[in-house]
2 protein chains.
Amino acid sequence: MSELRTRALACRDAAPAVAALDAGARAALLRDMAAAIEARGEAILAANARDMEAAAAKGVQGALLDRLRLDAARVAAIAAAVREVAALPDPVGQVTRRETRPNGLRVERVRIPLGVVAMIYEARPNVTADAAALCLKAGNAVILRGGSEALHSNTALAEALHGALRAHGLPEAAVALMRDLSREAMVELLQLTDVVDLAIPRGGEGLIRFVAEHARVPVIKHYKGVCHLYVDRDADLQLALDLLLDGKTSRPGVCNALETLLVHRDAAGAFLPMAGEALRARGVELRGDERTRALLPAAGPATEDDYAAEFLDLILAVRVVDDLDEAIAHIRRYGSDHTEVIATRDAAAAERFVHALRSAVVMVNVSSRFSDGGELGLGAEIGISTTRLHAYGPMGAEALTVERFVVRGEGQVRHPLRRD
Amino acid sequence: MSELRTRALACRDAAPAVAALDAGARAALLRDMAAAIEARGEAILAANARDMEAAAAKGVQGALLDRLRLDAARVAAIAAAVREVAALPDPVGQVTRRETRPNGLRVERVRIPLGVVAMIYEARPNVTADAAALCLKAGNAVILRGGSEALHSNTALAEALHGALRAHGLPEAAVALMRDLSREAMVELLQLTDVVDLAIPRGGEGLIRFVAEHARVPVIKHYKGVCHLYVDRDADLQLALDLLLDGKTSRPGVCNALETLLVHRDAAGAFLPMAGEALRARGVELRGDERTRALLPAAGPATEDDYAAEFLDLILAVRVVDDLDEAIAHIRRYGSDHTEVIATRDAAAAERFVHALRSAVVMVNVSSRFSDGGELGLGAEIGISTTRLHAYGPMGAEALTVERFVVRGEGQVRHPLRRD
């Protein structure tokens, strides 16, 4: 048996112990994990320094290097996030529906953990603690496969988590950090159908494609966010401008940032010059269709690829559309099912936009940047699903459980027999 | 482009029209489908006669041949089942949660259709109508791939469904019956990740393994039901006997029939002789461990394979266990996550059984034969999921939808900017 399989089976065997904890014990475990991260802050920073050196030596720089970097404030934020998860409502055992059937059967739908969740992610070390905390909160064991660049940081974080597991009499295998898996070992992990109940890839398009291609276990993809703002004929243009600037410039590198602006032709003449000026003042490069460029001569031409792009940068694709239908058709064609926003004062147009699109999050007069588990009331998120199954949109602890049936009765049978 | 892909894309393109129907129009469509099945009853029976002849010529017989066979009563039952689905509550657009955030965002979770569901099934022609009805009820388009033995029957049924689609101005492609797919074409269908949102295989173990092995689209498996009855020390033995006889003998060929009986050693002396006699009177073959055979000398020996088997026949594996923990360990080891029953008067033992097992349906003093969508209040079922994701246990129309987020506001942004 491969070492990977041995460790994965140990994780699976640890899952019932996590599931069996009551809500109070699970919360205490997570609080102790947060404390352990704080207590080991120096060791975590030292490990991170090794990762940073190795990355710098390999020529990594800019945003990638920044995502890898930890400092005291970031370690404190990681611990605080784990504490927030500890304080969330416990989803395990929640009765979501209850019905007594005419024959007296008492039927309940009750949330239970999924079992073993495998997180496959890239450079950010905070995902190690975030994902472990959310999976444990929902009563699951977790297999973590972080990026090799963050190996030392992730290992130091996992050691803190393991200390808390031991202190609670739980097997360390409940949080199984897989170190530096080869491509072949990754494929093996993704095909452990008797161990892994759900794989969640988080990272660049390449990683997610790799997981989708090789997985035999269920996968919920957290794919790119090509988020749209459609400014309707009847939009409040100042409100639309607020949504545009917040969506595009408040944090351009995240998946809920805006990538494409669609403007009704009747609003374009008033909106685009104003928007173009504000965006240029914030360093945003514009790429538009012909009608856009007629109003914004400084904008470059937009290609098909631009409309499908997740820029994650200060670049915005722009298009003038004839009407709401054309905006909907554009989003259906180029969108990634993540988050779409309409700015309008026309309630009927808003409802048509909401109903015609099947993206995970559809918003009316709200910034796309609120497409986030914390902002939408989940408390924390393990990612934003663009898979239209099980969970769609921001996923919190509840999305790491499933409802099953518990039925109680007094000896009911379907076909009563005479006793011989 | 292959013919399969062309037809699958047409199905995908038909999905928004189904999703856009309101609840009343979808119900009317389904009622008209039921009427169309009745109106074409003779053509359906004639087509079925061709399938039956071909099957008989190939040597098919017994239960398999019976599952293929239609008669006037079965056609009427198919139409009645479609009418029942028409009368169910419409899940599309249901608001499952509603919250106003402190910043005024109004966040709703709303059910939307999955999109395109691919049903892969075997000989029973009624699945063609049942699956189409449930998928359409939930606003989905559906790709149907039935068994080649039922090709003419399925085609005649699909023609009836298509007539109703046309009468409602909907594309026939919303119900796409794929005729006689080769193995290669099946694999192609299972990898159409840009078309198929969910594949549901229903049939024998071989079919389900084939689908699981080749699918790149999400799959919810409807795998075997190795259902257990555990008779606890404190069980009401007459009640336990009722559950046993109903579970094993009322319809042994279905997935919610009992396959294994576990008996607490303190109850075995009183229960097993009584149970053995009643089962033998009904023609049930028993296969037991040594302690069972000491009490029931006529029972054959049980192998490891017997404990893992879905007999679907009048055969029962039996084992005497030391206590509840051993029963739980046995079910964890040999079970298929389908349905488990405890017979007990001990409330604490019942709760331990419920919590320790993570099967889709766990029952206390109830016959396993109630593990069925209709019996548990779903109205109808497309199958019983043993995949612990999205839906677990009997799946009704609601399980063919997913919740997404609809957010409404008045221009809220995450990082208010001064306007320049």
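Reply: Leaving aside residues up to four places away in sequence, A:Leu261 touches A:Leu229, A:Val231, A:Leu244, A:Phe271, A:Leu272, A:Leu316, A:Ala317, A:Val318 and A:Arg319, where touching means heavy atoms within 4.5 Å. Before going on: this is a predicted model, so local features need pLDDT of at least 70 and side-chain atom pairs count only at pLDDT 80 or more, while totals for chains, interfaces and linings use all residues. Residues are numbered from 1 along each chain as its sequence is written, chains are lettered from A and ligands numbered from 1 in the order written, and side-chain values use heavy atoms, without hydrogens or water.

A:Leu261 also turns up in the largest nonpolar core, which has 100 residues; A:Leu261, A:Leu244, B:Met33, B:Ile37 and B:Leu400 have the most contacts inside this core. (A nonpolar core is a set of buried Ala, Val, Leu, Ile, Met, Phe, Trp, Tyr and Cys residues joined through side-chain atoms within 4.5 Å; buried is under 20% relative accessible area, exposed over 50%, partly exposed in between, with a 1.4 Å probe and protein chains only.) Helix H6 (residues 126–137) of chain B is the top contributor here, with eight residues. A second, separate core holds 99 residues, among them A:Val142, A:Phe405, B:Leu241 and B:Ala299.

A:Val142 takes us to a sheet. In S4(A), A:Val142 is the bridge partner of A:Val117. Strand S3 (residues 116–121) and strand S4 (residues 141–145) of chain A run parallel, joined by five bridges. (Helices, H or I with at least four residues, and strands, E with at least two, are DSSP runs numbered from the N terminus; two strands pair if DSSP finds at least two bridges between them.) The open sheet has four strands in the order S5-S4-S3-S6 (chain A), paired in parallel. At its edges are S5 (175–177) and S6 (198–202) of chain A, each with a single partner strand, so one side of each has no neighbour in the sheet.

Over in chain B, strand S12 is worth a look too. Five of the five residues of S12(B) are buried, so the strand is largely enclosed by the rest of the structure. B:Thr339, B:Val341 and B:Ala343 point one way, B:Glu340 and B:Ile342 the other. In a regular strand, side chains alternate between the two faces of the sheet. Strand S7 (residues 227–231) of chain B runs parallel to S12(B), joined by four bridges, with B:Val231 opposite B:Ala343. S12(B) also pairs in the parallel sense with strand S13 (residues 361–366) of chain B, again over four bridges; there B:Glu340 has B:Val362 as its bridge partner.

B:Asp337 lies in the loop between helix H14 (324–334) and strand S12 (339–343) of chain B. B:Asp337 isn't a glycine, yet its phi is positive, about 65°. At 24% relative accessibility, B:Asp337 counts as partly exposed.

One more buried face: in helix H9 (residues 205–214) of chain B, B:Leu207, B:Ile208, B:Phe210 and B:Val211 are buried. Seen down the axis of H9(B), they fall within an arc of 160°, so they line one face of the helix; that arc is taken from the directions from the helix axis to the C-beta atoms. They pack against strand S3 (116–121), helix H8 (183–190) and strand S6 (198–202) of chain B.
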